[in-house]
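I opened my notebook to get to know a structure that was new to me. I wanted to jot down what I looked up, one spot at a time.

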Amino acid sequence: MDEPNDPAAVFACALSLHTACLKAAKNDPAVNLSEAYQGGDQFMREMMRVADLFETWACKHVAFEALDDVWPYLLENHFGDACLAFMEPGDFAGFDHDDCLRVAFRLQLPVWADCGVPVPVFVERAHPVSTSTFRFLRIRTVRDSLVENGVDSFNAEDDPFDEEFSAPYFGIYGLADDGTVEHIADRDSYAGARELMENLLPGIGFPERAVGMRMEGT
């Protein structure tokens with residue numbers, strides 16, 4: 001169930017982005033916000049639109065219980081700079097849902113997996129059978145390289161829209177005592193990977209929902 005929008009968070013986003021854009025314009029004479037947005041009123045409307053869009057997106061995708069910060073304060077302090085890391089001050093009329101995910105990556109927000117957005121997942125559990133070759137079992141996001149023949153891990157520092165890679169999927173791996181990692185299977189979703197592990201080893205304890213951007217160990 002989606003969380004309701006928090007007006008304080010919307011205000012914090014708009015204030016942070018407004019401040020960051022004004023600072024960028026002050027430091028770069030080539031930036032003309034009034035010209036980019038056909039006036040100051042439209043500039044403010046775009047700041048509010050972006051803020052409302054991001055808060056709506058976050059209420060659907062962010063695992064707020066996993067946050068270590070107070071949400072509106074986090075946004076006020078960092079949202080504007082996170083946006084300007086990949087978008088010019090005069091371009092926010094084009095800010096969309098993909099850009100919401102780009103902000104989430106830069107803020108390293110905990111985002112639910114299996115919610116229609118590509119986020120990195122790393123979950124590991126101890127093997128319940130002491131005599132098994134594997135000491136741990138792992139579910140993590142991976143993706144195929146489209147320029148080289150191989151599979152790469154998909155991590156929080158990676159670009160989720162990198163055109164040199166396929167869409168992320170979920171690999172299942174076994175880890176031996178000597179550190180050897182063996183591939184077991186792949187699934188299109190975290191739910192599918194978890195279901196397979198629970199069918200093979202009931203009660204292994206992989207969480208029903210995984211939080212992306214977080215490395216969850218044993």
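**Ground rules.** I'm working from a predicted model, where local features need pLDDT of at least 70, side-chain atom pairs count only at pLDDT 80 or more, and totals for chains, interfaces and linings use all residues. Residues are numbered from 1 along each chain as its sequence is written, and side-chain values use heavy atoms, with hydrogens and water left out.

**Entry 1: E46.** I started with E46, which sits in helix α3, residues 40–61. Helices here are DSSP runs of H or I with at least four residues, strands are runs of E with at least two, and both are numbered from the N terminus. Is E46 buried or exposed? I found it buried, at a relative accessible area of 10%. (Buried means under 20% relative accessible area, exposed over 50%, and partly exposed in between, with a 1.4 Å probe and protein chains only.) Leaving out residues up to four places away in sequence, E46 touches Y37, F92 and A93; contact means heavy atoms within 4.5 Å. I also noted a polar contact, at 2.8 Å, between the side chains of E46 and R49. (That term is for a pair of N or O atoms within 3.5 Å; within protein, one must be able to donate a hydrogen and the other to accept it, and residues adjacent in sequence count only if both atoms are side-chain atoms.)

**Entry 2: α3 against α5.** Next I looked at how α3 packs on helix α5, residues 97–107: the angle is about 70° and the axes are 10 Å apart. That makes the two helices roughly perpendicular. (Axes are lines fitted to C-alpha atoms, for helices over the stretch in contact, and angles run from 0 to 180 degrees between N-to-C directions; under 35 degrees is roughly parallel, over 145 roughly antiparallel, 65 to 115 roughly perpendicular, and the rest oblique.) From α3, L53, F54 and W57 meet H97, C100, L101, V103 and A104 of α5.

**Entry 3: α5 itself.** I listed the buried residues of α5 as D99, C100, L101, V103, A104, F105 and L107. What covers them includes α3, α4 (71–84) and β1. At the N-terminal end, D96 caps α5, with a side-chain oxygen 3.1 Å from the backbone nitrogen of D98.

**Entry 4: two positive phi values.** After α5 comes Q108, with a positive phi near 55°. Q108 is in the loop between α5 and β1 (111–112), and is partly exposed at 34% relative accessibility. Q38 lies in the loop between α2 (33–36) and α3, and is exposed at 67% relative accessibility.

**Entry 5: β3.** How many of the 11 residues of strand β3 are buried? I got 9, so β3 (residues 134–144) is largely enclosed by the rest of the structure. Strands pair if DSSP finds at least two bridges between them. β3 pairs antiparallel with β2 (residues 122–126) over 5 bridges, and antiparallel with β5 (residues 169–176) over 8 bridges. R140 in β3 is the bridge partner of F122, and G171 in β5 is the bridge partner of R140. β4 (residues 151–153) runs antiparallel to β3, joined by 3 bridges, with D152 as the partner of R143. β3 and β4 form a hairpin with 6 residues between them.
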